Amino acid sequence: EAYITVMHDSAMADARNAEAEILRGEYRGTLHGIPIALKDLYDTKDVRTTGSSKVLTDRVPTEDSTATTKLRQAGAVLLGKLAMHEFALGGPDPSNGFPLAKNPWNLEHIPGGSSSGSGTAIAAGLAMGTLGSCTGGSIRGPAAFCGIAGIKATYGRVSRYGVLPLSWSLDHCGPLTWTVEDSAIMLQAIAGHDPKDPTSSRAPVPDYMSSMKEDVKGLRIGVPRHFFFSDDDRINSEVKTIADAAIKSFESMGAIIEEVSAPMLDHAGAAQPVIMLSEAFAYHRNNLINKPELFGDMVRARFRTGGLFSSADYVQAQRVRNVLKREFADILKRVDVVMSPTMSTTAPRFDAFTQDAMTTSRTPSFTGPYNLTGMPAISVPCGFTSAGLPVGLQIAGKPFDEPTAFRAAYTYQQQAKFYETRPAV
């Protein structure tokens with residue numbers, strides 16, 4: 001159940017048109033004729049875009065989002081709109097009546113969120129590329145849980161115009177794909193300045209495919225072990241062991257590993273939800289007051305929590321954020337990338353949410369800190385637990401230095417070859 005809306009007729013027409021263009025020698029590039037799908041918060045002209053919520057169940061945009069436009073210009077074939085957690089928050093909540101995407105590696109487990117359908121569609125072979133959105137880990141989480149690649153580029157690198165917001169200062173857009181090089185191809189298509197998005201960066205966009213080379217000799221890797229590999233019993237021990245082995249394998253490839261410290265990481269897990277939920281409440285406030293019954297139980301409760309934080313709470317959370325950014329800026333003067341497990345656990349079972357709706361928020365977030373700092377971060381598969389569930393390796397880089405993160409991820413991917421293993425679907 002990866003899709004909310006399947007665009008069968010238009011996809012077939014686009015495919016035939018792409019084929020005709022290519023045969024005429026009008027090849028637009030590596031995405032021409034490639035079937036992709038979008039998380040159902042990217043506006044698509046004349047095609048329903050719901051955010052997986054009854055609040056917007058009949059919403060049909062009159063124009064495409066900038067990312068949608070760029071993918072169409074690149075010649076991609078749009079298959080449809082993908083399942084997601086309601087308004088990019090909550091969790092797998094059957095109370096809102098929308099499809100719940102399942103993890104192709106084990107259907108009893110979630111594929112991660114909030115870009116659930118985006119992860120499921122790639123792992124199950126239901127699209128060759130998808131776009132997700134990421135406010136606290138909603139691209140890298142599904143990538144890790146589904147055994148695929150996914151990148152959240154630097155804040156401002158990809159336009160968010162025409163994308164339903166969750167939290168203006170934390171939201172990012174980005175691709176999920178089977179391999180690192182496919183993520184680079186998709187990011188290339190959607191990256192760049194957009195005058196319609198006031199947070200869009202004017203920094204030049206490099207050629208990401210030139211980063212697809214196996215070379216990490218002399219690469220300096222920082223590992224904040226005090227946080228990502230702590231003795232916290234909420235962190236899955238197999239995840240730590242598998243990710244640790246992946247990081248150590250870089251030494252044999254010629255990289256240099258250094259332990260680093262960012263003390264404010266211990267407070268990031270408190271600051272990130274305050275900012276996210278405060279901004280989300282501001283956006284959804286009118287509908288929460290006037291149409292509360294249209295929200296799913298899980299997301300309504302979380303958005304209302306955002307209305308309980310004070311302005312002082314919000315300001316203090318932003319102060320934590322600023323200190324964390326300074327700490328990482330200092331670390332990145334000494335190292336090229338920072339590595340860790342992508343997630344602190346493997347994909348939870350669906351029934352865990354029926355017992356506790358806050359399941360995912362009770363474990364440390366290894367992805368949220370990079371939404372706070374705005375640094376680019378990619379997840380690449382690094383192994384499987386004894387239960388057969390995928391584990392992701394997270395590689396974060398300097399602002400707008402996606403190429404180095406890509407190069408490290410590609411080198412590891414080519415050595416480890418986990419892309420050769422597919423779920424039995």
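For residue classes I count Ala, Val, Leu, Ile, Met, Phe, Trp, Tyr, Cys and Pro as nonpolar, Asp, Glu, Lys and Arg as charged, and the others, Gly among them, as polar. The model is predicted, so I use local features at pLDDT of at least 70 and side-chain atom pairs at pLDDT 80 or more, while totals for chains, interfaces and linings take all residues. Residues are numbered from 1 along each chain as its sequence is written, and side-chain values use heavy atoms, without hydrogens or water.

**Cavities.** I worked on a 1 Å grid over the protein atoms alone: a cavity is a set of points where a 1.4 Å probe fits but cannot get out, and lining residues have an atom within 4 Å of a point. Points join across faces, edges and corners, and a volume is the space filled by probe spheres set on them. I found five cavities of 30 Å³ or more. The largest cavity holds about 80 Å³. Its lining has 15 residues, with Met84, His85, Gly91, Pro92 and Leu100 closest to the centre. I sorted that lining into eight nonpolar, five polar and two charged residues. The second largest cavity has about 60 Å³. Arg160, Asp171 and His172 are among its lining residues.

**Pocket.** A pocket is an open set with protein on both sides within 12 Å along at least five of seven lines. The second largest pocket has about 200 Å³. Of its 18 lining residues, Arg160, Val163, Pro165, Trp168 and Asp171 lie nearest the centre. The lining splits into ten nonpolar, four polar and four charged.

**Sheet.** Strands (E, at least two residues) and helices (H or I, at least four) are DSSP runs numbered from the N terminus. Strands pair if DSSP finds at least two bridges between them. I read eleven strands in an open, mixed sheet, ordered β1-β3-β2-β4-β6-β5-β10-β11-β9-β7-β8. β1 (3-6) and β8 (256-259) each have a single partner strand, so one side of each lacks a neighbour in the sheet. β2 (35-39) and β3 (77-82) pair in the parallel sense over four bridges.

**Helices.** Which residues of α5 meet α13? With contact meaning heavy atoms within 4.5 Å, I list Val180, Glu181, Ser183, Ala184 and Leu187 in α5 against Glu402, Phe406, Ala409, Tyr410 and Gln413 in α13. Axes are lines fitted to C-alpha atoms, for helices over the stretch in contact, and angles run from 0 to 180 degrees between N-to-C directions. α5 (180-190) and α13 (402-416) pack at about 155°, axes 9 Å apart. That makes α5 roughly antiparallel to α13 (angles over 145 degrees).

Methods
Parallel < 35°, antiparallel > 145°, perpendicular 65-115°, else oblique.
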